[in-house]
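Hi there,

Here is the structure I promised to pass on to you. Have a look at it first, and then read my notes below.

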Amino acid sequence: MRKKIVVGNWKMNKTVAEAGELASAILEQLGDGIVGCEVGIAPAFPALTEVGKVIERSDIRLVAQNCHYEDDGAYTGEVSVRMLESLRCACVIIGHSERRQYFGETDHTVNLKVRKALAEGMQVIMCVGETLEEREGGVTDRIVTGQVREGLKEVSDLGGVVLAYEPVWAIGTGKTATPEQAEEVHASIRATIIDMYGELTAGHLRIQYGGSVKPSNAAELFAMPNIDGGLIGGASLKADDFVAIVRAAG
Ligand code: PEP
């Protein structure tokens with residue numbers, strides 16, 4: 001039985017003070033009621049320290065939204081995995097579609113980042129997903145399977161990996177994939193993992209769904225056999241909504 005994992009991706013929202021307040025509100029509302037589910041929050045880099053302090057004594061994990069694949073050097077504006085570790089980040093989101101769309105990330109750079117994070121012992125949430133054009137062109141499976149294979153190239157151990165299937169057309173648009181649409185892709189991702197790593201590893205791998213998850217649709221998505229939680233954008237910016245989604249998974 002896979003433990004569900006729900007992570008809030010706050011993207012480029014909240015000042016340091018606002019992020020601290022949101023983390024406190026989430027913590028207060030969750031109390032110690034997160035036993036059935038792993039929970040993480042991913043504030044923007046400047047707020048990692050503050051949010052880390054707020055959740056220090058809780059089971060909520062501190063997650064980063066991105067990292068670089070080198071340890072240090074002349075990479076203005078970038079943050080290394082070791083820097084994230086020094087802030088007690090336990091996990092990093094890699095290859096989010098907004099990173100691919102606006103910042104030129106490719107399957108190759110995603111793969112470099114995944115390998116670096118895993119080598120440093122950090123958990124990885126690797127995002128994959130098709131655009132609307134690709135879905136309408138009937139190539140969803142080929143695109144998503146390709147992203148999975150390329151992103152995990154030369155990764156021998158999936159112990160620290162969570163995958164997130166996020167159809168690009170459903171992110172921040174209010175359009176959610178139906179549970180059946182999402183399940184179909186999740187099942188296909190798991191079949192790819194069986195092919196790459198075998199049944200046992202694939203059976204343990206968690207695959208989150210992301211794309212306009214809300215309190216009203218979370219339970220039906222999380223009830224699908226291959227959906228192991230959610231990566232939550234907009235709804236994670238409201239403590240009530242995020243906590244309701246966590247409860248739907250727990
Ligand atoms: C995301 O950015 O990972 C996401 C799923 O966003 P939203 O929930 O707002 O669609």
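Let's start at the ligand, where the side chain of His96 places an N or O atom 2.8 Å from one of the ligand's oxygen atoms. Please keep in mind that this is a predicted model.

Glu166 also reaches the ligand through its side chain, with a polar atom 2.7 Å from a ligand oxygen.

Next, a pair of helices. Two packed helices are described by the angle between their axes and the distance between the axes. Here, helix H1 (residues 16-30) packs against helix H2 (residues 48-55) at about 25°, and their axes are 9 Å apart. Angles under 35 degrees count as roughly parallel, so H1 and H2 are roughly parallel to each other. The crossing of H1 past H2 is right-handed. On the H1 side, the contact is made by Val16, Ala19, Gly20, Ala23, Ser24 and Leu27, while H2 brings Glu50, Val51, Val54 and Ile55. Sorted by class, this contact has seven nonpolar residues, two polar ones and one charged one.

Finally, find Arg99 in helix H4 (residues 97-102). Which residues does Arg99 contact, leaving aside its neighbours within four places in sequence? They are Asn66, Gly104 and Glu105. Trp10 is 89 residues from Arg99 along the chain, and their C-alpha atoms are separated by 14 Å.

Enjoy exploring!

Conventions. Residues numbered from 1 in each chain as written. Predicted model: local features only at pLDDT ≥ 70, side-chain atom pairs only at ≥ 80, totals over all residues. Heavy atoms only, no water. Axes fitted to C-alpha atoms, helices over the stretch in contact; angles between N-to-C directions. Helix = DSSP H or I, 4+ residues; strand = E, 2+ residues; numbered from the N terminus. Parallel < 35°, antiparallel > 145°, perpendicular 65-115°, else oblique. Left-handed = near helix turned anticlockwise from the far one by under 90°. Contact = heavy atoms within 4.5 Å. Nonpolar A, V, L, I, M, F, W, Y, C, P; charged D, E, K, R; others polar. Polar contact = N/O pair within 3.5 Å; in protein donor to acceptor, adjacent residues only side chain to side chain.
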